[in-house]
Amino acid sequence: METDSIRSQFPILDQKVYGKPLVYFDNAATTQKPQSVIDTLCRYYQTLNSNIHRGAHYLAGEATEEYEQTRRAVQQFINARHSHEIVFTRGTTESINLVAASFGQRFLNEGDEVVVSAMEHHSNIVPWQLACERQGARLQVIPFDDEGVLDLEALRGLLNEKTRIVAVNHVSNTLGTVNPIRQIVDIAHSHGIPVLVDGAQAISHFAVDVQELGCDFYCFSGHKMYGPMGVGVMYGREELLEQMPPYQGGGEMIKDVTFERTTYNELPFKFEAGTPAVGDVLGLHSAIRFMQQTGVDNIARHEKELTDYATERLLQIEDLRIYGRAKEKTSVISFLVGNAHPYDVGTLLDKLGIAVRTGHHCTQPIMDRYGIPGTVRASFAVYNTREEVDTLISAIERIAPMLA
Ligand code: PLP
């Protein structure tokens, strides 16, 4: 894979900040967008903008066709059985809220239990807390060890006849751990319990096959996979989606409305109330094309090499500690140096042109588990290079003594 030709597709990378070449290592927060995605957004608003599914005119027909083509592209990308199992949302957060609210209303009752893990993003904790509060259910938590590996024995011990769903991330945005979803699904399904997977940090890094994983729901965001902000996906198994009530009411999700009674549209439209982000959905299609043309396996290989290299070099720095040392890991490295506050490290790196994230990364329970206020997080994408890692290492070596 030729990194130069990939980088040249991302205009934002070719700039200086504070007079230094930009090194963008905040990809777990959001990836940059290739020109093809930017062009799609422009083309949509220049030539195609129209409200979909309703108009009897040319533009509406074309926009609808491209919107539905994207649904089929997503279906193929994650190997869902049906295109109507793909629901467009605003992002992972909305996808999980949709499931927690709708599944919760249908299946959660007083005294029931929902199992999440201790390494979830707040987006896969709070919606379940809200659902539990509404229904009188309880949250149970799978712990993880010092290396950042989930305790599957503990999971087995947590499941019982009151458990209604298990919700875990595929990849931790703080630790980088790739969780053994197939195994988790097998454990949960042996009790007849469905599994929701938060795939926000997995989808851009390796191939995802929802049928092979066997999960019941899979949620992700377009903006973390080279696509636009404002669009995400909720995949759900047809049998469950059919039984779940609408999440929001409004236009497009209905069949018939009278003041006495409303009947709902079929899947997936039952879950897509109101005007969607059509341009962003089309942009997501371009992002999928970008990933397929680059090769998802090439992306995975490149990122693994970079992560291994960065890990090795970081660990050579005196008193640098990495949080998240699972064997199965993606390109996220969380660390602390000496007793320097992560925010100070991040601020100084920024002045050297290096964008990292600092803080709790919306995973406060992970910080509590380790007894730390936060970490510095460097996360890589397909366009990052070894030279950029070298720049990061030199920068840390330079600033660490200043913060000691
Ligand atoms: N889940 C994980 C693991 C994440 O890393 C993130 C974002 O960082 C989210 C959920 C929320 O994604 P979004 O803000 O795109 O809805």
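I began with S221 and found one of its polar side-chain atoms 2.6 Å from an oxygen atom of the ligand. I note here that the model is a predicted one, and that the distances below come from its atoms. For H223, I read 2.7 Å between an N or O atom of the side chain and an oxygen atom of the ligand. For H121, the entry is 3.4 Å, again from a polar side-chain atom to an oxygen atom of the ligand.

I then looked up how far the protein covers the ligand. Taken alone, the ligand exposes 390 Å², and the protein buries 85% of that.

**Ligand shell.** Which residues surround the ligand? I listed T92, T93, H121, S123, N173, D198, A200, Q201, S221, H223 and K224. Sorting this shell by residue class, I got eight polar residues, two charged and one nonpolar. The three residues of my contact entries, S221, H223 and H121, are all in the list.

**Cysteines.** I searched for disulfides next. A disulfide is a covalent bond between the sulfur atoms of two cysteines. My count came to zero. I checked C215 individually: C215 is in no disulfide, and the nearest cysteine sulfur, that of C219, is 9.0 Å away.

Is C215 buried or exposed? I found a relative accessible area of 1%, so C215 is buried. For C42, I noted a relative accessible area of 38%, which means that C42 is partly exposed.

**Aromatic pairs.** A pair of aromatic rings is described by the distance of the centres and the angle of the planes. I counted 13 aromatic pairs.

Y323 counts as buried because its relative accessibility is 12%, and Y370 counts as buried at 18%. The limit I used for buried is under 20%.

Last, I traced a cluster of rings. Ring pairs link F10, Y226, F290 and Y383.

Terms used:
Residues numbered from 1 in each chain as written. Predicted model: local features only at pLDDT ≥ 70, side-chain atom pairs only at ≥ 80, totals over all residues. Heavy atoms only, no water. Near = heavy atom within 4 Å. Polar contact = N/O pair within 3.5 Å; in protein donor to acceptor, adjacent residues only side chain to side chain. Areas by Shrake-Rupley, 256 points an atom, 1.4 Å probe, with all protein chains shown as cover. Nonpolar A, V, L, I, M, F, W, Y, C, P; charged D, E, K, R; others polar. Disulfide = S-S within 2.5 Å. Buried < 20%, exposed > 50% of the residue type's maximum accessible area, 1.4 Å probe, protein only. Phe/Tyr/Trp six-rings, centres within 6.5 Å; stacked < 30°, edge-to-face > 60°.
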